[in-house]
Amino acid sequence: MLKVNDVTKKYGKFVANDSVSFTVDDGEIAVLLGPNGAGKSTIIKCIAGLLRFDGEITVNDYKNKSLEAKRLLGYIPEMPAVYDMLTVGEHLEFILRAYKMDDDGTANRLLDRFELTDKKNKLGKELSKGMQQKLSICCALVHKPKIVIFDEPMVGLDPHAIKQLKEIFFELKKEGASILISTHMLDSVEDFWDCAYIMQNGRLCAEKRIDEKDGKSLEALFFEITEGRTEQ
Amino acid sequence: MNALLFLTVKKAKNRLKEMLHRPAELIIGILFIALLVMNLLTAGQGGIEYARRDIGEFYAIVFAVYVLVFLLSAKTGFVNGASMFSMADVNLLFTAPFKQKRLLSYGLLSQLGRSLVIGLFLIYQYPLLNDTYGIKFWQLLVCLVGYGVTVFLSQMLAMLIYSVTASDDKKCRIGKILFYGISAAFLVYLGLTAYNMNGELLPCVVAASGKFVMNFFPVAGFVKLSVVGLISGNLLHFAIGLLCIAAFIALYYILVSVINADYYEDVLKAMEVSFSAITARKEGKVAENAPRKVKVGKIGLPGGEGASAIAAKHKVENRRSRVFLLDMTSVIMALVTIGFTFIMKESVGGFVFSIYISLFVVATGRWAKELLLPYVYLIPEKPFKKLLYMLRESIAPFIAEAVITFVPFIFIVGCSLPEVLGMIAAKVSFSVLFVGVNLILQRFFGNGGNKALVIMLYFLLGLLFSVPSAAVLIVLIPYGFLSFFAAAGVNMIVSLLVLFSSRNVLEVAEYNNK
C-alpha cells in the first residue's frame with residue numbers, strides 16, 4: 001500500500017505540491033490527473049524518493065526513502081532513462097544485480113512482451129525514444145515491485161506497447177500491487193482505473209472512485225475542476 | 001534594424017537584464033571585472049625588477065596555445081562537426097528568407113564572440129607575462145584576438161571536415177591521416193631542428209618553433225605569424241600571416257562550393273547532433289562521449305551485486321566508450337608538467353605545478369552522468385556505499401596519470417624512486433580530494449546554480465581543503481619523500497571526510513537535477 005500524507009514540496013517560494021494526501025491500496029490502480037504544471041510529476045518524484053519534501057510517504061508502511069521501500073518500488077520516469085553504453089539485456093542484468101535478485105525468466109518475458117527481444121544486444125543509445133521508453137518500463141518491472149509508479153507512461157509508445165502496458169497494469173493489480181499512474185491524457189486511462197485523483201495548482205482537488213454513483217463521468221469532473229465547467 | 005543585428009543586440013541586452021535579476025551572477029560579473037582591472041593596474045607595480053626571459057619563449061607559448069586550440073577544435077569534425085547555431089536559429093532563421101552566407105557569417109561571428117569571452121582568461125595572465133617577458137597590454141590583446149581567430153577558423157575547418165567525412169568511412173580515414181599526418185610532420189620537423197642545434201633543449205625548442213617554416217602549420221601558424229608580426233613590429237610578417245589566413249578562407253569557400261553541394265544540410269545535421277545532446281542534458285541525460293561506431297564486444301556485466309553492480313556496469317561502459325586508463329587530457333597534463341619541470345629543473349616545483357593544474361582539469365568521470373539517471377537513487381543500498389562504488393572507476397586513471405607524470409622526474413631532475421612514489425601517492429590523494437570537492441558542490445548546487453559561481457567555489461574549496469596537506473608538505477619537506485607520503489595521508493583523511501559529508505548526494509536526486 002502506498003500512503004502519501006500531507007506532502008508539501010516547495011522550490012524556493014513556489015509551492016509545487018501543497019499538503020497532498022492520498023492512498024493507493026493493494027491491488028488498486030490509481031490515476032493522478034491534472035493539467036500541465038499541476039504538480040503530478042513532482043509528487044511522483046517525491047514518492048520515488050528523488051525529491052525532498054515535508055510530510056510523509058510510506059510504501060507498505062516503510063518510509064519511502066528506506067532501503068526496504070526502495071526494494072518494493074518500481075518507478076517509470078517521464079523521460080526514458082537508459083544508459084547509452086549498455087545493451088538492452090545488460091540493463092535488466094544490471095537492475096537484477098543491483099537489487100540482488102536472480103533472473104527467473106522475468107527479464108526475457110518482459111523483453112518479449114515489449115518486442116525488444118531482437119534488440120537485446122543493441123546499445124541504449126541505438127534505440128529510438130519509444131524503445132527507450134519500453135526499456136525503461138522493463139527496468140522498473142524486472143525486480144517485481146509491489147508498488148509501481150508511472151509518470152506519463154504511454155507517451156511515445158506504439159499501439160502494441162500501449163496494449164501490453166495496459167495488460168501489465170491488470171496483471172500487477174491481480175498480483176496485489178499498488179499502481180499509481182500520472183497522466184494528463186484522460187482517454188488513455190478511462191478503461192482501467194479504480195480511483196482517480198485530480199490535481200491542480202499543486203493541490204489535490206478531487207477524488208473519485210470507480211464505484212461512486214454520482215452520475216458524473218471522470219472527464220466531466222476533470223473539466224469541472226480544471227476549467228470550472230459543468231456537464232451540459 | 002537588420003534582423004540578425006536586432007537578434008544579436010536583443011540577446012545580449014536580455015542576457016544583461018537577466019544578470020541584474022540574478023544577484024549571484026551580478027556579483028560574479030562585478031568580481032570578474034574588478035579582478036581584471038586590478039590585474040591590469042597592479043601589473044609591474046610591485047617595484048621589483050625582474051630579469052626578463054627570452055621573448056622567443058613567449059612567442060613559442062603563443063604558438064603552442066594556438067596549435068592546441070586548432071587541434072582540439074578541428075578534430076571534432078571527425079566526430080560531430082561544430083555547431084554554432086542553436087535549434088531556435090535552425091527553426092526560425094534557416095526557414096526565413098536570409099542568404100545562406102549571411103547566416104553562416106552570423107553563426108561564425110557569434111562563435112567568435114563566444115571564443116573571445118572564453119579567451120579572456122589570457123588577460124589574467126597579464127601581470128605574469130608583463131613581469132616575465134615585458135609584454136604590454138595591447139600586445140596581450142592582440143594575442144587574445146589571435147586566439148579568437150584561431151578558434152573561429154578551426155571551427156570552420158571542423159565543419160568542412162564533418163561535411164566531407166560524415167557519411168563516408170573511407171574519406172574519414174583519409175581525412176584523419178591527412179590531419180594527423182600534417183600535424184605530426186611539423187612536430188617531427190620541430191624535434192629534428194631542435195635536436196640538430198646541439199644545445200640546451202629549451203632554447204633549442206624555442207628557436208626551432210620560431211623557424212619560418214613552422215608558420216605554415218595550418219591556421220595556428222598563420223595566426224601566430226600575424227600576431228607575432230604585429231606585436232614585434234615586423235609588419236611584413238603580419239601581412240604574410242594575414243595573406244595566409246585570407247588564402248585559407250578563400251580555399252575553404254572554394255572547397256565548400258566545389259566538393260559539397262549539401263553543405264547547408266550537413267551544417268544542419270551537425271547542429272541536430274549537438275542540439276539532441278543539449279536537449280538530452282536538459283532532460284537530465286548526459287550524452288556519452290562515445291566513438292561513432294561502438295564495438296559492443298562481450299555481452300554481460302562482469303559480476304557485481306548491490307552497490308558493486310554500479311562499478312561492474314562502469315567497466316562495461318568504459319570499455320565500449322574506449323575510455324581506458326589514460327585519456328588525452330591526462331596525457332597532455334602530464335606532458336605539460338614534465339615540460340614545466342624540465343624548464344624549472346626543480347622537482348617540488350613540478351609537483352606543485354602538477355597539483356595546481358589538476359585542480360583545473362580533474363575529471364568528473366562517469367559518476368557525474370550516473371547522478372542524472374534515477375537508478376542510482378532507487379537501488380536499495382546505503383548512499384555512502386553506492387557513492388564509493390560509483391567513484392571506484394576514477395581511481396585507476398588517477399594512478400596512471402600520476403605514474404606517467406612523475407616517473408620521468410627520475411630522469412629529468414634526478415628524483416629517487418621513493419620520492420617519485422611519494423609524489424604519485426600525494427597526486428592521487430589530491431585528485432580524490434578534488435573529486436570530493438566536486439561532490440560537495442553537486443550536493444549543494446546539483447547541475448544548476450551559476451556556473452561561474454560554482455567554478456569559483458570549486459577553486460576556493462579545492463584550495464581550502466588542500467591547506468592541511470600543503471602545510472604538512474611544507475613542514476616536512478626537509479625529510480624528503482616522507483613529506484609526500486605524509487601529505488597523501490592527510491589528504492586521504494580530508495577526502496574521506498569530504499566524501500562522507502557528501503554521502504547524501506545519492507539520497508535525493510533534486511540535489512543534482514536542479
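Which residues line the second largest cavity? The legends below answer this after a short note on the model.

This is a predicted model, in which local features need pLDDT of at least 70, side-chain atom pairs count only at pLDDT 80 or more, and totals for chains, interfaces and linings use all residues. Residues are numbered from 1 along each chain as its sequence is written, chains are lettered from A and ligands numbered from 1 in the order in which they are written, and side-chain values use heavy atoms, with hydrogens and water left out.

**View 1. The second largest cavity.** Its lining consists of Glu152(A), Pro153(A), Met154(A), Val155(A), Ile181(A), Thr183(A), Met185(A), Ser188(A) and Val189(A). A cavity is a set of points on a 1 Å grid over the protein atoms alone where a 1.4 Å probe fits but cannot get out, and lining residues have an atom within 4 Å of a point. The volume of this cavity is about 30 Å³, a volume being the space filled by probe spheres set on the points, which are joined across faces, edges and corners. The lining has 6 nonpolar, 2 polar and 1 charged residues (Ala, Val, Leu, Ile, Met, Phe, Trp, Tyr, Cys and Pro count as nonpolar, Asp, Glu, Lys and Arg as charged, and the others, Gly among them, as polar).

**View 2. The largest cavity.** This cavity has a volume of about 40 Å³. Residues of both chains line it, including Tyr99(A), His143(A), Tyr375(B) and Leu378(B). At least two lining residues come from each of β6 (73-76) and α5 (129-141) of chain A and α18 (375-378) of chain B, and β6(A) gives the most, with 3 residues. Helices (H or I, at least four residues) and strands (E, at least two) are DSSP runs, numbered from the N terminus. The lining has 8 nonpolar, 2 polar and no charged residues.

**View 3. The interface of chains A and B.** Here 37 residues of chain A are in contact with 40 residues of chain B (heavy atoms within 4.5 Å). Tyr83(A), Met85(A) and Arg97(A) supply 20% of the area that chain A buries against chain B, more than any other three residues. Buried area is the accessible area (1.4 Å probe) that two parts lose on being put together, summed over both; between these chains this area is about 3500 Å², and carbon and sulfur atoms give 63% of it.

**View 4. A salt bridge between the chains.** Lys100(A) forms a salt bridge with Glu381(B), with the closest N and O atoms 3.0 Å apart. The term denotes a side-chain nitrogen of Lys or Arg within 4 Å of a carboxyl oxygen of Asp or Glu. The count between chain A and chain B is 2 salt bridges.

Methods
On a 1 Å grid over the protein atoms alone, a cavity is a set of points where a 1.4 Å probe fits but cannot get out, and a pocket is an open set with protein on both sides within 12 Å along at least five of seven lines; lining residues have an atom within 4 Å of a point.
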